[in-house]
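Please keep the structure in view while reading.

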Amino acid sequence: MPTHAAPVRTLLEWFAAHARDLPWRRTRDPWAVLVSEVMLQQTQVKTVIPYWECWMRRFPDAASLATAGEAEVLKLWEGLGYYRRARNLQAAACALVTEHGGRFPRNLDAILALPGVGRYTAGAVASIAFNQPAPILDGNVMRVLARLFAVDGDPAAREVNARLWRLAGELVVTAARIERPRERACSALNQALMELGATVCTPRTPACPTCPVRRHCAAHRTGRVAELPAPRARPATSARRFLVIAAEHAERWLVRRRPAAEVNGGFWEFPNVEVLSDGDADPAAAASRLLGVRHAAPERLGEVRHAITRYRVTQEAWRVRLPRAVKPRDGGAWHTLAELHALPMVTAHRRLLKRLEAA
Ligand code: SF4
């Protein structure tokens, strides 16, 4: 195995002096580390901090989450997005309780076997909480390693990805061998790689002149920083448009719960229907179809736009005042505004609810 002692020592010293003070870094509790790593997937640190703090107050261990109701779990996750993560965390909590007696396993394979836990997350928990020499490779670490070792090719391509995992493994094993005292070296090295990627070796404007490892960096030495890592082929984005019908009767609003198997399953939303993104759409027809009423007279409330995966989504909201309450369909229910605030709601529809209140 090649020796990486010099850059590893530099990274460890730099991390000891410059690590950001993040709440999950004040603990070695593997449950707390797992929660932070799951929340940080696809989500920025500053967004995660209040969610993590709130979540850990309510679910300080696996047992407390394992027995919680779905509505409460989703409500606490509301706004963080990628809701499958909350369901996976609860499934992992149940597995920790039923298969491990509530104790977090130290073995990497056992961590990897928890529901929703992939190679990166398992490596992060094993190294950060238990200081094991388990590698990690997320987007930040990929970028750092591709530049540090001038690794050509798409980091997601099989062989390139395998090489990056190998390099990540060599670095953390080196840290375990050289560092005194050893008990935190693997944890610190992996977090140093993450930290460098998040704060110094950023995608577009890396701070090479002040980077602690610039002397060891092949991309910097050869003037190839701007071209590494190789850009990934991105799927084309496409537009989707929905007509949302906010039906009201006697200060109650009709909402429905999304089926568990669908995206955002378990969350509540106003009835809606997808229409052609670039064609004419008839909100009265949509209201009739969704509510089973004739002669609805929708009033335009406005629209919210958001992006999810490769879709640019427009939610166009229409208010319909009904003279009498219709029978809810498909898991629907009538709720007051106060009750709606207590329900877990799809983020875009939560924004529409605010528009309704403002109107
Ligand atoms: Fe990244 Fe520049 Fe540091 Fe190399 S020298 S690791 S490219 S910030």
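## Salt bridges across the chain

Arginine 224 counts as partly exposed, at 22% relative accessibility, in a model that is predicted. The side chain of arginine 224 meets that of aspartate 152 in a salt bridge, at 2.5 Å from N to O. This pair links distant parts of the chain, 72 residues apart, since arginine 224 sits in the loop between helix 12 (218-221) and strand 1 (238-249), while aspartate 152 sits in the loop between helix 9 (139-148) and helix 10 (158-178). Aspartate 152 is also partly exposed, with a relative accessible area of 44%.

Glutamate 195 takes part in a salt bridge with arginine 20, whose closest N and O atoms are 3.0 Å apart. Because glutamate 195 belongs to helix 11 (residues 185-199) and arginine 20 to the loop between helix 1 (5-18) and helix 2 (30-40), the pair ties together parts that are 175 residues apart in sequence. Glutamate 195 counts as buried, at 1% relative accessibility, whereas arginine 20 is partly exposed, with a relative accessible area of 31%. Glutamate 195 also meets arginine 25 in a salt bridge, and arginine 25 is partly exposed at 23% relative accessible area.

| Salt bridge | N to O distance |
|---|---|
| Glutamate 195 and arginine 20 | 3.0 Å |
| Glutamate 195 and arginine 25 | 2.7 Å |
| Arginine 224 and aspartate 152 | 2.5 Å |

The count for the model comes to 22 salt bridges. Elsewhere, salt bridges that share partners join Arg241, Arg300, Glu303, Arg305 and Glu316 into one network.

Conventions:
Residues numbered from 1 in each chain as written. Predicted model: local features only at pLDDT ≥ 70, side-chain atom pairs only at ≥ 80, totals over all residues. Heavy atoms only, no water. Salt bridge = Lys/Arg side-chain N within 4 Å of Asp/Glu carboxyl O. Helix = DSSP H or I, 4+ residues; strand = E, 2+ residues; numbered from the N terminus. Buried < 20%, exposed > 50% of the residue type's maximum accessible area, 1.4 Å probe, protein only.
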